[in-house]
Amino acid sequence: MSSGIIGAAVTRIDGTLKVTGAARYAVDHPFDDIAFGVGIGSTIGSGTISRIDSSVAEKMPGVIAILHHGNADPLFRSAERLQPESHASESRPPLDDDKVYYYGQFVALVVANTFEQAQDAAARVKVEYKEQHPIVTLSDAPVPAGPPHNKYERGSAAKAFEDAAVKIDETYVTPPETHNPMEMHATIAAWNGNKVTLYETSQGVVNHRNVMSEMLGLPIDQVQVISPFCGSGFGGKLFPWPQSALAAMAARRVKRPVKVVVPRSMMFTTVGHRPMTQQRMRIGATADGKLVSIQQDVVQPTSMIDTFTENCTGVTAMLYSCPNVATVQNVVPFNIGTPTPMRGPGTTPGLYAMEAAMDELAVRLNIDPLELRLKNYAEHDEGADRPFSSKHLRECYQTGAQKFGWEKRNAQVGSMRDGNEILGWGMATATWHAGRGAAEVRVRLMADGTARASSATQDIGTGTYTIFAQVVSEKTGIPVNKIQVVLGDSALTPGPMSGGSTATASVLPAIARASEAAIQAVITAATRSSDGQFANADPKTLKMTNGRIHAQDKSPDSGVPFQDILTQRRLAALEGQARTAPDHDAQKFSSHSFGAQFLEIGWDPGIARLRVRRILTVMDAGKIINEKTARNQILGGVVMGVGMGIFEETLYDPRNAKPLNNNFADYIVSTNADIPKMECIFLDYPDLNLNEYGARGVGEIGITGIASALTMAVHHATGVRIRNLPIRVDDLLASTVNLNV
Ligand code: MOS
């Protein structure tokens, strides 16, 4: 049982709870006396509230309170950073004043006995505004929000570009995208005296607790955040959003638990999004395809309230070997809610622009795009000037090319056919940085033969519950079905956010140390006993295998089940606790995951249909801890990449900054029918510089190469070069490739 469980395709231990409906998501927590809060969003994009008339609504059945800036209890800003980990994407407390910075900003909250009563009353609250023209386009927003970000230069990029034999100078635009998790943002706030419990859907219960303690002006031990299950986050639930503070404020006012759910339409306004990016890429190369210069100039909007940087330039300095690289990023304020990380933040749009430009260079040079990448392969991180902790990207390219059949690609545009479809093949590099934060875990061995592991991290659908059980099982030999894992409660020992693909790398060492400490506690108990097999034995000579304590030089079968030792000593449980720090050794290295993604599209010009036919991903993501949940993460990222490439775009009405497609009918995400056969191969090289298991994390990287591989494949099939995502069928009508040629 023990060693083989790391890396195995273990089925989620929380799977049954989820598929039977027994798993409790935020608003599933039952309260007898709950009241319902329905938010009112502003209907202008910029301006001030001149009047709120709630007189009719207040007299409607079931209405308990109507909160707005004129009568709300004050909240504090969380920007003071009183604690090391406390970040709110939107620093302005809700209902702070009469200012409106974006369409759909909360301007009031109606609290009533039932949801229907609250909704009905909300429709009868009259809000009048003094409206200003909102800024939602780059041409309307000439002034950056501050000095440029991400300024980086090595060598002399402008000069090298000028002198380069071959030049690409193109601008790529990625649209604003909205996270669309199944479970909408939601809060139940329940006060007990001066302590508040918040039932949330959160990617970071500790951060959420810290922020809310600041906003409510309470010590952290008077705020508890509970999020045992999360119907996905994609980054949108990393940090708290206004509905949480609103629910807490309302519950304090009405002295009852209050539930506030952000409706799908407001998921497009007040809980973050991926901002649009405009990226000018200038790339210079020698005639035989060696990069001599890369320049990347990015402009990206933030909100009027906060500066959020979508770090598009982060990977540019390290991705390829090139002596002259310069990047700069300007952030400009829009009348749109504050952006926030969305799967592969920064890297995903940034890498799209870089890889799209690389394909344009390959076409210009008439070099195979894969060969161009191998020619410019970075053996060390030239940006950070450090060795990579572990990099097997070359093998990703080679394995992927072989498995995909890349050598059969005819580079001629429109030359590959299958029946009525013109085929296009594309490939791209995928990458995401690896990191590791602090984590503190408790492992308890129980007299009934089970174990319990806990930490204030959370499982957002990724498989964190299961890997906790796998590590405890590896260390103790207790089968995973006898291991209970408790996460998603800020009152537990502090654990990491589920973000940046770092949770796994962060928690593994802490689970291992805590398991060992728990085993040690049982061994100590056994040897301190005056009777029993190990009475007065030297603890150092004992170990635990398959759930049994035994002498190191004897077989486990000769030992005693740990629960028997606990029972003999009249102990219900013994516990181990461990805190592990971020690994400072990792600072000597540049730690990134890499991958290669290959795909095939089919374009049927007769009916103007574009579809993706197959996608292959080869990942160098360190040691894979759970083959099944890791594959799920990569394939989920790929599906989201297809959405980014051909479907997703949030459209804002220039008159009032309203997201026009704020629903699932008009904001298109990939569905099953859009997704072909997908494959994922893990190289599985452990990155031991990051942690003892060599795991790096897999949450984001799957999305990162797909959009550029798609635009490349579309060009290969149709000759149309798309530089403005998403790819639209309308654009492909310009194709002059004809099936009959
Ligand atoms: Mo990820 S965008 O850190 O959830």
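Helices (H or I, at least four residues) and strands (E, at least two) are DSSP runs, numbered from the N terminus. The model on your screen is predicted: local features need pLDDT of at least 70 and side-chain atom pairs pLDDT 80 or more, while totals for chains, interfaces and linings use all residues. Residue numbers start from 1 along each chain as its sequence is written, and side-chain values use heavy atoms, with hydrogens and water left out.

**First stop: a pocket**

Select β1 (35-41), which gives five residues, the most of any element, to the lining of the second largest pocket. A pocket here is an open set of points on a 1 Å grid over the protein atoms alone, where a 1.4 Å probe fits, with protein on both sides within 12 Å along at least five of seven lines; lining residues have an atom within 4 Å of a point. The space in this pocket is about 390 Å³, a volume filled by probe spheres set on the points. Next, show Gly39, Gly41, Pro263, Ser265 and Met266, the closest to the pocket's centre of its 22 lining residues.

**Second stop: a helix pair**

Now select α9 (347-365) and α16 (706-718), which pack at about 30° with axes 8 Å apart; axes are lines fitted to C-alpha atoms over the stretch in contact, and angles run from 0 to 180 degrees between N-to-C directions. The two helices are therefore roughly parallel (angles under 35 degrees). For the contact (heavy atoms within 4.5 Å), show Tyr352, Glu355, Ala356, Asp359 and Val363 of α9 with Ala707, Ser708, Thr711, Met712 and His715 of α16.

Terms used:
Parallel < 35°, antiparallel > 145°, perpendicular 65-115°, else oblique.
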